[in-house]
Amino acid sequence: MNASAPTPRQTQGGVTLVSEAPPGLSGEGFFATSLSAAIGLARAKSMWPMPYATSCCGIEFMATAAPHYDLARFAMERFAYSPRQADLLMVMGTISKKLGPVLRSVYEQMAEPRWVLSVGACASSGGIFDTYSVLQGIDRIIPVDVYVPGCPPRPEQIIDGLLRVHELAMSESLRRRDTAEYQARLGYYGIA
Amino acid sequence: MANELQNLQEQVAAALGARCLKWEGGELPAVHVPPAEVYSVVRDLYDDAGLAFRFLTSLCGIHFTADATGDGEQLGLIYFLHDLPRNRRMRVKTVFPVAAAEVESITPIFASANWMEREAYDFYGIKFKNHPNLIRIFNIETMTVFPLRKDFPLEDRTRHDKNDPMFGR
C-alpha cells in the first residue's frame with residue numbers, strides 16, 4: 001500500500017476502493033468501510049432480476065442477456081423466475097389492463113428490498129397504445145424506480161437503466177422500506 | 001364458378017324460404033336473415049344434405065351508425081360458414097336495433113361459437129339467449145363499456161402525457 005503518499009479518497013457508490021483507501025483503513029487482505037456500504041455493494045452486485053417480458057422490449061432484453069451484451073458482467077445472469085426470490089422486477093413490454101392485477105400481485109409477492117425497472121415506452125406510459133385495453137404506464141399500479149425510454153430501447157439503454165438501479169441499491173438507506181417516503185409511496189398504491 | 005354460385009343461391013333460397021330477406025352475390029356470398037331466425041337458419045344450413053354448412057369459420061359483430069343506415073343505429077352479426085364436402089363458403093348476416101341486441105345462441109350447433117359469441121358480447125354488447133357462459137372474454141371483467149361500438153372514444157381518457165396546452169390533445 002502506498003502509505004507514505006496518501007492519494008485522494010476515491011469512492012464508488014459510497015464504497016471506498018481498496019487500492020485508494022487512506023492509510024490505516026486498508027492493508028493486506030482487509031479494508032474498513034461502513035456496514036451499509038458493504039451491504040449496498042453486496043445487494044447491487046448480486047441482484048436477482050425477474051424478467052417480466054411481454055413484447056418487443058423483451059426481445060431486446062434477451063439480446064441484453066445473451067453473450068454479446070452479457071448481463072453476467074453485472075452479476076445478473078441468474079434470473080429469478082419466481083417473484084419470491086427476485087430483487088428486481090424488470091417490466092418489459094405492453095401491459096394490458098387485464099394483465100394489470102397479475103403484475104401487481106407479482107410485485108406484492110416480492111420481498112424487500114425490491115426494485116422495479118420499467119423498460120420501454122409501453123411499460124412507462126402506454127406508448128403508442130393509447131387505447132381502451134392498455135394500461136397507460138405501470139406506475140398506475142406499482143411504484144417504479146427507474147424508467148428506460150425507447151421503443152424498444154437498445155440493450156445499452158437497458159444496461160444503463162440496470163446500472164442506475166445498482167446505484168440506487170448502493171446509495172439508498174439499507175432499510176428503505178422504513179422511510180416515510182417509501183411508506184407513503186406504497187400507501188399511494190394501496191400496497192401493504 | 002358462376003354456375004356454382006347460382007346453384008348455391010337457389011339451394012339456399014329453397015331451404016330458407018321467406019327467411020331469406022336478401023341475397024348478396026360475389027365470391028363470398030351472403031344471405032340476410034331476420035335476427036329471430038338466425039338459429040333456425042344456421043340449423044337448416046347445417047342439416048340440409050345438399051348444403052351441409054357444418055364448419056363455423058368465424059363469427060363477428062358489427063356496428064352501423066345512424067348515418068350509415070339512415071334507419072337508426074344498428075348492431076349486426078355475421079356468421080362465416082363453410083361447406084367442407086363441396087368447399088363452398090357463405091355468410092349469414094343479420095342486423096337489429098341497439099335496444100334489441102339479442103339473438104339466439106348457436107352453441108348447440110357449433111361448440112366453437114361459445115368463445116366467438118362471448119367476443120361479440122364483449123366488444124359490442126350483443127346478448128345471446130341460452131349461451132352457457134356469457135361473460136367478457138378479452139377485456140377486463142370490470143369494464144362497463146363496449147369498446148368497438150362507434151360511439152366509444154378510441155383514445156384512453158386516463159392518459160395525461162398527450163395533453164398540450166396549445167393544441168389540446
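A search of the whole structure finds 0 disulfides over all chains, a disulfide being a pair of cysteine sulfur atoms within 2.5 Å. This is a predicted model, in which local features need pLDDT of at least 70 and side-chain atom pairs count only at pLDDT 80 or more, while totals for chains, interfaces and linings use all residues; side-chain values use heavy atoms, with hydrogens and water left out. Residues are numbered from 1 along each chain as its sequence is written, and chains are lettered from A and ligands numbered from 1 in the order in which they are written.

- Cys56(A) is in no disulfide, and the nearest cysteine sulfur, that of Cys57(A), is 5.0 Å away.
- Cys56(A) counts as partly exposed at 43% relative accessibility, where buried means under 20% relative accessible area, exposed over 50% and partly exposed in between (1.4 Å probe, protein chains only).
- Cys151(A) is likewise in no disulfide, the nearest cysteine sulfur being that of Cys122(A) at 5.8 Å, and with 56% relative accessibility Cys151(A) counts as exposed.

- In strand E7 (residues 115–119) of chain A, 5 of the 5 residues are buried, so the strand is largely enclosed by the rest of the structure; helices (H or I, at least four residues) and strands (E, at least two) are DSSP runs, numbered from the N terminus.
- From E7(A), Trp115(A), Leu117(A) and Val119(A) point one way, whereas Val116(A) and Ser118(A) point the other way.
- Strand E6 (residues 88–92) of chain A pairs with E7(A) in the parallel sense over 5 bridges, pairing being called where DSSP finds at least two bridges between two strands, and Leu89(A) stands opposite Val116(A).
- Between E6(A) and E7(A) the chain passes through helix H3 (residues 100–109) of chain A in a right-handed β-α-β crossover, meaning that, with the strands pointing away from the viewer, the path from the first strand over the helix to the second runs clockwise.
- E7(A) is also joined by 3 bridges to strand E8 (residues 146–148) of chain A, and the two run parallel, with Val119(A) opposite Val148(A).
- The β-α-β crossover from E7(A) to E8(A) goes through helix H4 (residues 120–125) of chain A and is right-handed.
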